[in-house]
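Below is a short report on strand pairing and on a chain contact. Please read it alongside the model.

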Amino acid sequence: MAPVSLKKLVKRYGALEVVHGIDLEVKDREFIALVGPSGCGKSTTLRMIAGLEDVSGGTIEIGDNVVNDLPPRARNISMVFQSYALYPHMTVGENMGFSLKIAGRPVEEIKEKVADAAAILDLSHLLERRPSQLSGGQRQRVAMGRAIVRRPDVFLFDEPLSNLDAKLRTQVRTEIKKLHARMQATMIYVTHDQVEAMTLSDRIVIMRDGHIEQIGTPEEVFNRPLTKFVAGFIGSPPMNMDDVTVDDGKLVFATGATLPIPPKFRQSLTTGQKVTFGLRPDDFFPTGHGLNSGDAEAVAQLELPVSITEPLGNETLVFVGFNGRDWVSRMLNPRPLPSGQNIKMSFDLSQAHLFDLTTGNSLVA
Amino acid sequence: MKLSRLSAPVLLLFPAFLVLAAVVVVPLALSFYSSFTPFRLTKPESLYVFIGLRNYITVLSSWDFWVAFGRTVLFLTIALNAEMLLGLGLALLVSKAVRGQRLLRTLMMFPMMFSPVLVGFQFKFLFNDNIGLINNGLQSLGLTDQAIPWLIDGNLALFSITVAEVWSSTSVFAILILAGLLAMPRDPIEAAHVDGCTPLQTFRFVTWPYLMPFAFIAMTIRSLDVARAYDIVKIMTDGGPAKRTELLWTLVGRTAYSDARMGMANAMAYFAIVLSILFTVYFFRKLAAARQQIGAEW
């Protein structure tokens, strides 16, 4: 139970700097997800917090202590690895109790704590097995058990679900969430999967090329992305985006297609300005099949050709040709749509996002 | 016409069987048979005299034989353990090398490229009490003013041979253990660090269990090699002084060719093979257990 604070944290490999002085305050008992594409520095950051990588600059504090120069064993943390990293020559029970054994705790206490953790994770019947006799999901649960037995100040997760199949991933994800509720511990979770980040965390840290792009609650990063990168990274399917030029109250696309300027941006845009226009698939839908915005004035309508459809049962993703490529839209209460047919599409401009063309920063209305 | 009645597989395998029989089965059977005869190279007709187990009884009741046998086991134990420890240390050091690891690995294999006979000569020169480098070095450093009789003193001679043996074969251990080190996943080691292990505990509880199968493979191979040690001893001391470095196979060789008592020598050899088989079985058991322990999938 401790806050974690990163101050101007830098990681260099020789001349190559991969983490460029990031600042992050993780509150006590908070669940924070570090998310970003591969190579963005999220795992490196986590490994620095764990003490598995040296810190090249800045400080890491756990609780009130600067831990930069402490070895992992002195930081009172637990880590769950992507590859489980179980000790193959020990049974499940020995794996879970290993840290207590190293700490020299009495056998009775170890037994009790392992039994407790096993009960939480539904592993009680597997304690005598070896890791090689377990399925992937069970192995990852053992890895989590090993982490919780110690009651550490901070839990670190390094893409723990990446090696599991889709169904198990959802299952274990739920278990991690329950675990957080139960343990009331600080947890830092690295993933490249924005769905995991959204579903699990109190706050999300979106990283890119060794910088933090945005820190915010799942709602914030989804509804108010600060940069074009965040807008494109968070949300599935991703936001539709294209560059436009402002011309006399209209947004003009490269192919000449036009949309009215979203009402909230009317005051701030000037003719000739170039911006990136973004609209989530949820706010772009076949007329009559979307979320009702309740603001009819802000909805623009165009006849557009259907390219392909991806039925998901409760909804269908419709790809329609617009501005020379396919824009994806989310169709609620779906009905079959033949390819090539022109249908009336609604653009809910009250939900539109505009980004500066050069900096990629969101234009705040 | 007759050939065509044999099936194709039999026909095709026949030459291989013929060659195997000529070079393996017949000599093996012949030598085994001769161990029941008083066969002497100087009296060919003695090959046809059957004397039952008399050779074996003579061998097993011979003090010289048991001394050589015991010395071989001692030599084996010391050499294998020293090679194991040195090889492990070497492998751990090389695995830590950030730069030039390939070069180091190649250098490490140099001793294996020398023929044992050459190693024998080389160490015979190094340990020479008059002109040897070792005595020269010790004297120049002022550590001693005497010429230590490395190959002449009974106890020192076996020690010197052990040093030569260890020098030439430590790399076998080092390379196999290094292979294990390079093959083992990094994650459990990091997990151990996080779980609170000191570097020493990490080695003891995580790294070593991974390396054990590799160490046992090396042990198995080397135990067979060392148990049949002949060339280095032959060159360095020829079993001397006063038989103080006589090992099993130098004794067998001497009995067979110097004394020309081939039947007796074969009896010794067959008994010696039992020793090798025991070691192999023992290490394979250990290996299987170690492999199962780490859940190896090979």
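## Strand pairing around E19(A)

In this predicted model, strand E16 (residues 299-311) of chain A and E19(A) pair antiparallel over seven bridges. Strands (E, at least two residues) and helices (H or I, at least four) are DSSP runs, numbered from the N terminus. Pairing requires at least two DSSP bridges between two strands. Leu302(A) has Met345(A) as its bridge partner in E19(A).

Strand E15 (residues 284-286) of chain A is also antiparallel to E19(A), joined by three bridges. There, Phe284(A) partners Phe347(A). Five of the seven residues of E19(A) (residues 342-348) are buried, so the strand is largely enclosed by the rest of the structure. Buried means under 20% relative accessible area (1.4 Å probe, protein chains only).

## Contact between chains A and B

Chain A gives 23 residues to the contact and chain B gives 20, with contact meaning heavy atoms within 4.5 Å. The buried area is about 1,900 Å², with 62% from carbon and sulfur atoms. This is accessible area (1.4 Å probe) lost by the two parts on being put together, summed over both. In chain A, Arg73(A), His89(A) and Ile102(A) lose the most area to chain B, together 31% of what that side buries.

Two salt bridges link the chains. One of them joins Asp195(B) and Arg146(A) at 3.9 Å, N to O. The rule is a Lys or Arg side-chain nitrogen within 4 Å of an Asp or Glu carboxyl oxygen.

## Conventions

Residues are numbered from 1 along each chain as its sequence is written, and chains are lettered from A and ligands numbered from 1 in the order written. Local features need pLDDT of at least 70, side-chain atom pairs count only at pLDDT 80 or more, and totals for chains, interfaces and linings use all residues; side-chain values use heavy atoms, leaving out hydrogens and water.

Definitions and conventions: Buried < 20%, exposed > 50% of the residue type's maximum accessible area, 1.4 Å probe, protein only.
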